[in-house]
Amino acid sequence: MSKAQLPRTLFPLSALALATSMMASPAMAETLSIGVQGELASFDTSQVSGGVWESQVLMDVYEGLLKESPDGKLLPGMATKWEVSDDGKTYTFHMRDDAEWSDGKPVTAEDFVFGWQHLLAPENASKYAYMLYPVVNAEAVNTGDKPLDALGVESLDDGKTFKVHLNHPTPYFLQLLIHYTTYPAPKHLVDEYGKDWVKFDHIATNGAFKPVDWVSQSKISVEKSSTYYDADDVSLDGVNYFTVEDRNSGISRFRAGELDVLTDYPSSRYQWLTDNLPDATHMGPYLGSYYYVLNSREGSPTADKRVREALNLAVRREVLSKQIMAGSFKASTAMVPPGVSHYDTQQMDLGSDDMDDRMAKAKELLKEAGYGPDHPLDLRLRYNTSDEHKKIAIAVAAMWKPLGVNVQMINSEATVHYQTIQQGDFDVARAGWIADYNDAENFLTLLHTGVGNNYGAYSNPEYDKLMDQAAGTQDLDAREKLLEKAENVALDDYAFIPMLTYVTRNLVNPKLEGWEDNVKDNHPSRWVHFTE
């Protein structure tokens, strides 16, 4: 079916609405409406909870030293050029002369120094602070062992040059510079207003758009920033991000023309969507893992390796992939998904392919751990609200039931869910990780001791040692071997329950251009425009 043959119900426009649109301002005609999965925690990047929906908003209102093209390639951003020292440990960035905050103040290297210090400041308790740990003294600053000004970053030449000193060569460092942990912060506003700088009567951002409205659990609105250096080449006048946790409702809103993009439609609707909205339905490879966190804290039953192994043995991943998720996820037995650069996919050892053998072994392991008819294993399984997450949780609970496991399922909206599991209030919890940059380290860091997104508080000295060795290894082949060995330590420890790998699933108005499928599923709105 061609674009001209799309169902009329997809983008209906009544005569009254048409007349109104013809009289409307250009801002109304060129506003993009996106349905996202959750709500932004804050425009202060140190307070972001880690949802992919947050990245969509933040990449539109802020810009780092580098930015992304529609297909995910790295481009100059706030820095126009850079040099790297021969040992790979010093990066020198030359700042853009015409970069301004949305209040007209210049963006300088000092804003990057301050922004990185702000993210690492212990009192801000950023979950993502660890991503800056390759920078000299970053970890010591984050733990309070050294002052903020000990961080290995410098503003030189009256703010025209930003220099970064790394502990060791970091192959993914340039990719990291498009992530919101490396965005600048408006020092002049924080100095004047403190934590209130993010209030809408104070806030300034340096990206293609600036925030103008926020209705909690409903909508965030941004408009094009006139001070953005490339404003003349930004087609959209604004973007609305609607919180749409009910994906089926999102499909209805998309078909009614209320949304131009819906992120992550339900897998169960894929066939219907391809039959009825083929030009709008997108699916493609994605660097993401869907897994269950196992609480390793003392007192939790899943702190026992025997319990962790038993739970892993009983999960039928192909059933989850093909029957429960209708093939819209791929089965997985690892943390690092296929397709990650310079890495071979690993596998958890689950013994026999025969499920009867696996279930028999699982029962024996639980018996050794002290569980049985007189002492059943009771687990609290938390997941964030979604029909898909609910279906998977119900299916997994049914797979565990023959082992005598009683599952209490607890769901909450995404922000509350991740805040709760970070506090350790669970036994098993649903989690997903989408690559911030294309490197195995980005996934494997989730199991390193002390990392903010290590929700299960898993800790293994051998694992940490291998990860630390890999961090200091410049030879990519040697580094890969260390990372693969580290993942196998965690897999042999049954540290988590790998289940599925993601694919990208989006509904996109066929009249949009500049929105391209890519393995990170990043889509900066500054490239997007409507066709006639």
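Predicted model: local features only at pLDDT ≥ 70, side-chain atom pairs only at ≥ 80, totals over all residues.

Trainee: How are α16 and α17 oriented to each other?
Mentor: Helix α16 covers residues 461–471 and helix α17 residues 476–492, and their axes are 9 Å apart at an angle of about 165°. Angles over 145 degrees count as roughly antiparallel. The two helices, α16 and α17, are therefore roughly antiparallel.

Trainee: Which residues of α16 make the contact with α17, and how many nonpolar residues does the contact of α16 with α17 have?
Mentor: On the α16 side the contact is made by Glu 462, Tyr 463, Leu 466, Met 467, Gln 469 and Ala 470. The α17 side includes Leu 482, Leu 483, Ala 486 and Val 489. By class, the contact of α16 with α17 has one polar residue, four charged and, as the number asked for, nine nonpolar.

Trainee: What is the handedness of the crossing where α10 passes α12?
Mentor: The axes of α10 (residues 305–314) and α12 (residues 355–368) come within 8 Å and cross at roughly 160°. That angle is over 145 degrees, so α10 and α12 are roughly antiparallel. As α10 passes α12, the crossing is left-handed.

Trainee: How many charged residues are in the contact of α10 with α12?
Mentor: Among the residues that meet are Arg 306 and Glu 309 in α10, and Arg 358, Lys 361 and Glu 368 in α12. The residues of this contact of α10 with α12 divide into nine nonpolar, one polar and, for the charged class, five.

Trainee: Is α11 roughly antiparallel or oblique to α13?
Mentor: The axes of α11 (residues 317–324) and α13 (residues 387–400) come within 11 Å and cross at roughly 140°. Roughly antiparallel requires an angle over 145 degrees. That makes α11, relative to α13, oblique.

Trainee: Which residues in α11 meet α13?
Mentor: The crossing of α11 and α13 is right-handed. In α13 the residues involved are Lys 391, Ile 392, Ala 395, Val 396 and Met 399. By class, the contact of α11 with α13 has seven nonpolar, no polar and one charged residues. The α11 residues are Val 319, Leu 320 and Ile 324.

Trainee: Which residues touch the most other members of the largest nonpolar core?
Mentor: Nonpolar side chains tend to be buried together in soluble globular proteins. The largest nonpolar core here has 149 residues. Another core, of eleven residues, lies apart from it and includes Val 244, Ile 251, Phe 254 and Tyr 265. In the largest one, the residues touching the most other members are Trp 116, Phe 162, Tyr 292 and Trp 400.

Trainee: Is Thr 45 buried or exposed?
Mentor: Thr 45 is found in the loop between β1 (31–36) and α3 (52–61). Leaving aside neighbours within four places in sequence, Thr 45 is in contact with Leu 58, Tyr 62, Leu 119, Tyr 180 and Tyr 183. Buried means under 20% relative accessible area. At 13%, Thr 45 is buried.

Trainee: What relative accessibility does His 342 have?
Mentor: His 342 is found in the loop between β13 (330–331) and α12. Phi of His 342 is near 55°, a positive value in a residue other than glycine. His 342 counts as partly exposed because its relative accessibility is 40%.

Trainee: What relative accessible area does Tyr 494 have?
Mentor: Tyr 494 lies in the loop between α17 and β17 (496–508). Its phi is also positive, near 50°. Tyr 494 is buried, with a relative accessible area of 7%.

Definitions and conventions
Residues numbered from 1 in each chain as written. Heavy atoms only, no water. Axes fitted to C-alpha atoms, helices over the stretch in contact; angles between N-to-C directions. Helix = DSSP H or I, 4+ residues; strand = E, 2+ residues; numbered from the N terminus. Parallel < 35°, antiparallel > 145°, perpendicular 65-115°, else oblique. Contact = heavy atoms within 4.5 Å. Nonpolar A, V, L, I, M, F, W, Y, C, P; charged D, E, K, R; others polar. Core = buried A, V, L, I, M, F, W, Y, C linked by side-chain atoms within 4.5 Å. Buried < 20%, exposed > 50% of the residue type's maximum accessible area, 1.4 Å probe, protein only. Left-handed = near helix turned anticlockwise from the far one by under 90°.
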